[in-house]
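Me: I've got a new chain open and could use a hand finding my way around. Can we go through it piece by piece?

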Amino acid sequence: MAGALEVIGDRWALLLIRDLSFGMGRYDELRASTNIPPATLAARLKHLVETGIVERTRYQERPPRDEYRLTDKGRDLWKVTLSLREWGDRWDASGFGVPMETVDLKTGHSLHLALVDDETGEVVPFERATLRPGPGADDTVRRLLGSG
C-alpha cells in the first residue's frame with residue numbers, strides 16, 4: 001500500500017485522476033475543477049506522467065497546447081477513486097449527501113464495489129476475506145501477517 005501511495009502522490013493527484021476519468025484533460029479544465037494552484041497542478045501532472053499514470057499529448061501547435069489522458073495504469077485506479085467515493089458517501093464525508101451514483105448502463109441499477117472470487121465469480125463477504133503473503137512479500141510483511 002505504501003508503494004502505491006508513493007506512486008499516486010497526494011490528494012491533488014487523486015482529484016486529478018478523478019477528473020481525468022471524467023474525460024477532462026486540458027490544463028484549464030483541471031485547474032477550474034479542482035482549484036489547484038498552478039505550480040501544484042504542473043508538478044502533479046509531471047509526476048503522474050513520470051509514473052506512467054497519465055500521458056501527455058499535443059493537441060495544438062500554435063500556441064503549443066497539451067492535454068492529459070489516463071493510461072491503462074491510470075484507468076486501473078478508477079476502482080480506488082470509486083472506493084473512496086463509496087466510503088465518503090456512506091459516511092457523508094462532504095456533509096452534502098450523495099452527489100453521484102455508479103449505475104449499470106444497461107439496467108440503471110446502482111452498483112457497488114465487491115470482493116469477487118477469481119475462480120467462481122462468487123461475491124465474497126468482507127468477513128471471509130483475509131490477507132496472505134504474496135510472491136513479493138518480505139520478512140516485514142510476513143511478520144505483519146503472522147506468517148513468519
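Predicted model: local features only at pLDDT ≥ 70, side-chain atom pairs only at ≥ 80, totals over all residues.

Me: Where is N35 in the chain?

Reply: N35 is in the loop between α3 (27-34) and α4. Its phi is near 60 degrees, which is a positive value in a residue other than glycine.

Me: Which other residue has a positive phi, near 45 degrees?

Reply: That would be D92, which is again a residue other than glycine. D92 belongs to the loop between α6 (78-90) and β3 (115-116).

Me: And how exposed is D92?

Reply: D92 has a relative accessible area of 36%, so it counts as partly exposed.

Me: Back to the loop between α3 and α4. What about I36, buried or exposed?

Reply: I36 is in that loop between α3 and α4. Its relative accessibility is 0%, and under 20% counts as buried, so I36 is buried.

Me: What does I36 touch, leaving aside neighbours within four places in sequence?

Reply: I36 is in contact with W12, L30, R31, L41 and R44, once those neighbours are left aside.

Me: How far is I36 from Q60?

Reply: I36 and Q60 are 24 Å apart in space, C-alpha to C-alpha, and 24 residues apart in sequence.

Me: OK, zooming out. How many helices and strands are there?

Reply: The chain has seven helices and four strands. Reading from the N terminus, the order is α-α-α-α-β-β-α-α-β-β-α.

Me: Why call the chain more spread out than a compact globule?

Reply: Because its radius of gyration is 19 Å, well over the 15 Å that the globule rule gives for 148 residues. Along its principal axes, the C-alpha trace spans about 60 × 40 × 30 Å.

Me: What share of the residues is buried?

Reply: Of the 148 residues, 22% count as buried. The accessible surface of the chain is about 11,200 Å², and carbon and sulfur atoms account for 54% of that.

Me: Now the inside. What's in the largest nonpolar core?

Reply: That core has 16 residues, and those with the most contacts inside it are I17, L48, I53 and V54. The elements giving two or more residues to it are α2 (11-21), α4 (38-50) and β2 (65-70). The most comes from α2, which gives five residues.

Me: What does the side chain of T71 reach?

Reply: It reaches the backbone oxygen of G52, at 2.5 Å. Leaving aside neighbours within four places in sequence, T71 is in contact with G52, I53, V54 and E55.

Me: Switching to strands. How do β1 and β2 run, parallel or antiparallel?

Reply: Strand β1 (residues 54-60) and β2 run antiparallel, and six bridges join them. A hairpin connects β1 to β2 through four residues.

Me: Which residues face each other there?

Reply: T57 stands opposite E67 in β2. Q60 also has a bridge partner in β2, namely R65.

Me: What about the loop between β1 and β2, which residue lies there?

Reply: P63 is one of the residues in that loop. The peptide bond from R62 to P63 is cis, and its omega is near -10 degrees.

Technical notes: Residues numbered from 1 in each chain as written. Heavy atoms only, no water. Core = buried A, V, L, I, M, F, W, Y, C linked by side-chain atoms within 4.5 Å. Buried < 20%, exposed > 50% of the residue type's maximum accessible area, 1.4 Å probe, protein only. Pairing = 2+ DSSP bridges. Rg over C-alpha atoms; globule rule 2.2 N^0.38 Å. Areas by Shrake-Rupley, 256 points an atom, 1.4 Å probe, with all protein chains shown as cover. Polar contact = N/O pair within 3.5 Å; in protein donor to acceptor, adjacent residues only side chain to side chain. Contact = heavy atoms within 4.5 Å.
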